[in-house]
Amino acid sequence: MYTKKQLPASQYELSKGKPNNAFDRSNDVRRDDDKHKDLTIGLYDLDQCIKWYFDNVIKPKVNDFGRNLDVPVMYGAPEKWKNMQADGYFRDNNGKIQAPLISYRRTAITKNRLLGNKVDANYPAIYNTQEIKYTQKNRYDQFNTLTNLTPTRTFINTIIPEYVDITYEVVIWTDFIEHMNSIVESLVYSEGSYWGEPDKFKFRAKIDDFQNTTDLQVETDRIVRTNFTITMFGYLVPDVLIKNLSKHKSNKTNSVQQLNTQLIVDTNSSTFQDQSSLGLGPNLQVTSPVPQISVISGIDPAVLTYLNTNIARKATTVTPSNIAVFTTTSFLSAPAGLPSTSLLSFQFFINGQHVEPAAVTSFTDNGNSTCTVVFDTVPLGFTLLTTDEVVAVGKFV
């Protein structure tokens with residue numbers, strides 16, 4: 001009988017003894033249709049950048065009796081490198097010595113602990129966050145202006161890389177010392193620069209010294225050889241399983257999207273008709289753009305009058321530095337079922353400029369046909385003068 005096999009424990013479960021519940025559905029972002037893939041930098045990228053720099057930047061050449069020959073560059077596989085160490089040079093399948101030739105291989109990897117650290121591989125806490133300028137979710141059109149829709153911003157989160165110093169052993173073979181000199185001179189000039197492709201990552205290379213050797217044995221061909229070491233100061237962002245199983249932030253996140261809505265009420269009484277004449281049953285649904293309003297048995301005319309009231313009053317007295325008084329006026333009383341008239345029922349303007357609600361401390365009806373408004377000068381940014389014009393628009397009698 002078929003039985004479901006138990007899945008192996010993740011790195012988080014092995015270290016903490018409990019399942020990893022770090023990711024909820026809000027962090028589970030679809031990536032199969034994403035053009036922006038996760039950033040990965042491996043050892044192969046560092047190995048390849050050396051060959052690319054030799055072939056495309058240094059371009060080692062030798063002049064062989066009037067002919068300019070390109071010097072081939074190859075990575076020293078273990079089998080080939082063993083033969084080269086035993087014989088002192090590299091031969092092809094026919095036994096012919098291959099010169100000129102440049103061969104290199106990786107010999108050591110040392111972790112650089114003086115640079116950045118992600119703290120813990122199971123709980124990486126430091127990220128590099130990059131914003132994607134355009135995606136299908138944050139495209140903008142004229143409809144967004146009507147709905148006050150804030151575009152969604154998309155971010156790609158990458159963990160801090162592991163900084164390493166990688167050592168490469170390089171051997172150059174030529175037939176003549178003159179050929180060797182031209183190659184070594186170009187290497188000395190390029191040492192200390194950043195090696196790599198322009199559209200990809202670059203790594204600083206260091207070469208300390210060169211060891212020159214000339215082999216001239218009995219009944220053998222002469223060979224000129226130079227040995228040196230390249231140290232690449234690189235960094236690694238591996239695509240490994242532990243990075244996906246660890247408790248870290250999602251590789252792709254989106255900002256919080258906001259939709260600002262506004263209540264619009266049609267105060268035209270002709271909109272509301274007798275429900276019996278419409279044949280819509282006991283309830284009539286009257287819809288405004290946002291949100292929907294349900295009318296059961298009609299609208300009280302007092303409610304329509306209150307909602308339609310927007311009276312502008314100019315302050316008769318302005319007291320420095322933050323008080324203005326309106327005379328011969330008072331608050332309009334709200335009908336039953338509506339919020340009472342308060343500071344939120346008015347808008348204020350100083351010298352024609354709209355005042356933000358945060359800059360208004362209070363607005364009270366004094367009960368003697370006067371109203372007093374008090375401003376907060378800190379968010380307002382200035383103090384009132386006796387010559388300032390203060391206007392309030394709202395539910396006045």
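Modeller: A pocket is an open set of grid points with protein on both sides within 12 Å along at least five of seven lines. Rolling a probe the size of a water molecule over the atoms shows where empty space is left. In this predicted model, the largest pocket holds about 540 Å³ of space.

Biologist: Which residues lie nearest the centre of the largest pocket?

Modeller: Leu343, Leu344, Ser345, Phe346 and Gln347 do, out of 16 residues that line the pocket. Two elements, β17 (346-350) and β21 (390-394), each give two or more residues to this lining. The most come from β17, with 3 residues.

Biologist: How many residues of the lining are nonpolar, polar and charged?

Modeller: The lining of the largest pocket has 9 nonpolar residues, 5 polar and 2 charged.

Biologist: What is the average pLDDT of the protein?

Modeller: Where pLDDT is low, the predicted coordinates should not be read in detail. Here the average is 77, and 67% of the residues score at least 70. Among the elements, strand β20 (residues 370-375) has the highest mean pLDDT, 95, while strand β12 (residues 284-287) has the lowest, 42. The pLDDT is below 50 over residues 271-297, a stretch with 33 contacts in the model beyond near neighbours in sequence.

Biologist: And the protein as a whole: how many helices and strands does it have?

Modeller: There are 9 helices and 21 strands. Of the 397 residues, 32% count as buried. Among contacts between residues at least 6 apart in sequence, 71% join residues at least 24 apart.

Methods
Residues are numbered from 1 along each chain as its sequence is written. This is a predicted model: local features need pLDDT of at least 70, side-chain atom pairs count only at pLDDT 80 or more; totals for chains, interfaces and linings use all residues. Side-chain values use heavy atoms; hydrogens and water are left out. Helices (H or I, at least four residues) and strands (E, at least two) are DSSP runs, numbered from the N terminus. Buried means under 20% relative accessible area, exposed over 50%, partly exposed in between (1.4 Å probe, protein chains only). Contact means heavy atoms within 4.5 Å. On a 1 Å grid over the protein atoms alone, a cavity is a set of points where a 1.4 Å probe fits but cannot get out, and a pocket is an open set with protein on both sides within 12 Å along at least five of seven lines; lining residues have an atom within 4 Å of a point. Grid points are joined across faces, edges and corners, and a volume is the space filled by probe spheres set on the points. Ala, Val, Leu, Ile, Met, Phe, Trp, Tyr, Cys and Pro count as nonpolar, Asp, Glu, Lys and Arg as charged, and the others, Gly among them, as polar. pLDDT is the predictor's confidence in each residue, from 0 to 100.
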